[in-house]
Amino acid sequence: MDLGSCYLGGNADAVEFCPHRPFRHVLAAATYTLQEQGQGGEERQDRAGTVSLFAVDANEEDATRRLRLLHTVETAGVFDMKWSPVAPLLAQADAHGRLALWRLEQEGGSDRGAVLRDACSGEISSSMCLFVDWNQTAKALSVGLSDGSLSVVSMREDRLEVSEQWTAHQYEVWTCYFDRANPHLLYSGSDDCSFSCWDLRQNPSNAVFQNKKSHNMGVCCIAQNQLEGNMLLTGSYDEFIRVWDIRSMVKPVNVKSLNLGGGVWRIKYHPLIADVVLAACMHNGFAIVKVGTGDAAVVETYCKHESLAYGADWQRSEGAEQNKNCSVVATCSFYDRLLRVWQPENLGNL
């Protein structure tokens with residue numbers, strides 16, 4: 001069921017629901033737009049962006065108020081963003097090679113209002129920051145870079161400090177992901193078709209494994225089952241979502257895979273249903289996939305976007321905790337600049 005939609009001011013590429021009370025109704029949506037600018041007779045390109053906050057309330061009787069804009073900040077073009085696992089702090093990876101942290105605060109005397117305040121930022125590289133992930137203590141972040149490098153960034157009170165940076169891949173690092181149980185392990189995926197893991201206890205970081213054969217195109221995203229830590233997922237431009245058994249860390253086993261009909265740009269595990277994920281499938285819309293016991297299977301598709309399916313996330317809400325049929329999803333698509341919020345229809349059958 002559709003709850004609401006709106007057009008953003010730029011090309012929409014990321015959506016993230018805040019997981020922390022009292023801000024679970026807050027959705028962040030980011031844009032990245034390449035702008036041609038003329039100056040002194042010369043044409044130059046600028047990568048501009050925004051981060052907008054929306055209030056999402058599936059129970060609002062007035063349909064026009066189920067998706068409401070709260071606040072927008074202008075930034076460099078945003079490739080990715082993630083909420084801290086321990087506080088309402090949003091990390092933004094941008095096209096100017098910077099990592100910015102925004103603090104979410106209440107605004108206007110209302111428990112539903114919210115704004116972003118600048119917390120701190122730091123220049124990570126002269127290359128573009130494509131992806132960001134927090135470790136589970138929120139004391140460090142990993143950043144994937146357009147020149148094939150990985151960065152590990154430490155939180156030092158009110159500043160960011162690059163603690164390590166190394167050439168991990170030949171081409172763009174589209175994704176990086178801290179192992180949720182073993183924070184010294186960092187996974188990465190790249191346009192060079194490689195799916196890798198790094199041991200951060202060694203300096204420089206040592207490759208635990210580098211799988212260059214399983215993916216036929218670039219590796220775009222990685223996700224780990226929070227309740228079954230031995231299961232890892234990868235998504236690729238080759239249109240497959242792959243399920244990995246990582247009990248043999250030196251050589252993970254690809255136990256199953258499923259073609260989703262479009263490049264798998266993002267994967268998000270349902271916050272309450274252990275084996276269900278939401279996938280952004282680029283040219284083929286969005287899919288909800290069951291990846292647990294038996295073969296992986298598509299449970300539901302959502303094809304009401306008319307452009308590249310990029311951003312996707314689940315809301316962590318009290319309603320969904322009481323009834324999984326009340327799960328709420330946000331999705332966005334790139335060139336048509338469209339943000340949609342909707343409720344899946346088939347989760348009750350799982």
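Where is E157 found? E157 sits in the loop between β13 (149–156) and β14 (159–167), and we will come back to it in one of the views below.

These legends describe a predicted model, in which local features need pLDDT of at least 70 and side-chain atom pairs count only at pLDDT 80 or more, while totals for chains, interfaces and linings use all residues. Residues are numbered from 1 along each chain as its sequence is written, and side-chain values use heavy atoms, with hydrogens and water left out.

**View 1. The largest pocket holds about 750 Å³ of space.** A pocket is found on a 1 Å grid over the protein atoms alone, as an open set of points where a 1.4 Å probe fits, with protein on both sides within 12 Å along at least five of seven lines; lining residues have an atom within 4 Å of a point. Its volume is the space filled by probe spheres set on the points, which are joined across faces, edges and corners. Of the 33 lining residues, Y177, R180, Q226, K268 and R316 are the closest to the centre of the pocket. Several elements give two or more residues to this lining, among them β2 (12–17), β7 (78–83), β11 (129–134) and β15 (173–178). Here a strand is a DSSP run of E, at least two residues long, numbered from the N terminus. By class, the pocket lining has 18 nonpolar, seven polar and eight charged residues. Ala, Val, Leu, Ile, Met, Phe, Trp, Tyr, Cys and Pro count as nonpolar, Asp, Glu, Lys and Arg as charged, and the others, Gly among them, as polar.

**View 2. The largest cavity has a volume of about 50 Å³.** Unlike a pocket, a cavity is a set of points where the probe fits but cannot get out. A search of the whole structure finds one cavity of 30 Å³ or more. The residues lining the largest cavity are D13, A14, V15, E16, D80, R266, K268, Y310, G311 and A312. Two or more of them come from each of β2, β23 and β27 (309–314), and β2 gives the most, with four residues. This lining divides into four nonpolar, one polar and five charged residues.

**View 3. S188 is found in strand β16 (residues 185–190).** Is S188 buried or exposed? S188 is buried, because its relative accessible area is 0%; buried means under 20%, exposed over 50%, and partly exposed in between, with a 1.4 Å probe and protein chains only. A polar contact of 2.7 Å joins the side chains of S188 and H169. Such a contact is a pair of N or O atoms within 3.5 Å; within protein, one must be able to donate a hydrogen and the other to accept it, and residues adjacent in sequence count only if both atoms are side-chain atoms. Leaving aside neighbours within four places in sequence, S188 is also in contact (heavy atoms within 4.5 Å) with residues including L150, V173, W198 and I222.

**View 4. L233 lies in strand β20 (residues 231–236).** L233 is buried, with a relative accessible area of 0%. Setting aside neighbours within four places in sequence, its contacts include C221, I241, W244, Y269 and V291. L233 and V73 are 160 residues apart in sequence, and their C-alpha atoms are 33 Å apart in space.

**View 5. V341 belongs to strand β29 (residues 338–342).** At a relative accessible area of 1%, V341 is buried. Apart from neighbours within four places in sequence, V341 is in contact with D2, L3, G4, L27, V56, L67, V328, V329 and A330.

View 6. Most residues other than glycine have a negative phi, and most peptide bonds are trans. Phi of E157 is near 55°, a positive value, and E157 is exposed, with a relative accessible area of 79%. M282 has a positive phi of about 50° although it is not a glycine. M282 is in the loop between β24 (276–280) and β25 (286–290), and at 8% relative accessibility it counts as buried. A cis peptide bond, with omega about 0°, joins R21 and P22; P22 has its place in the loop between β2 and β3 (26–31).
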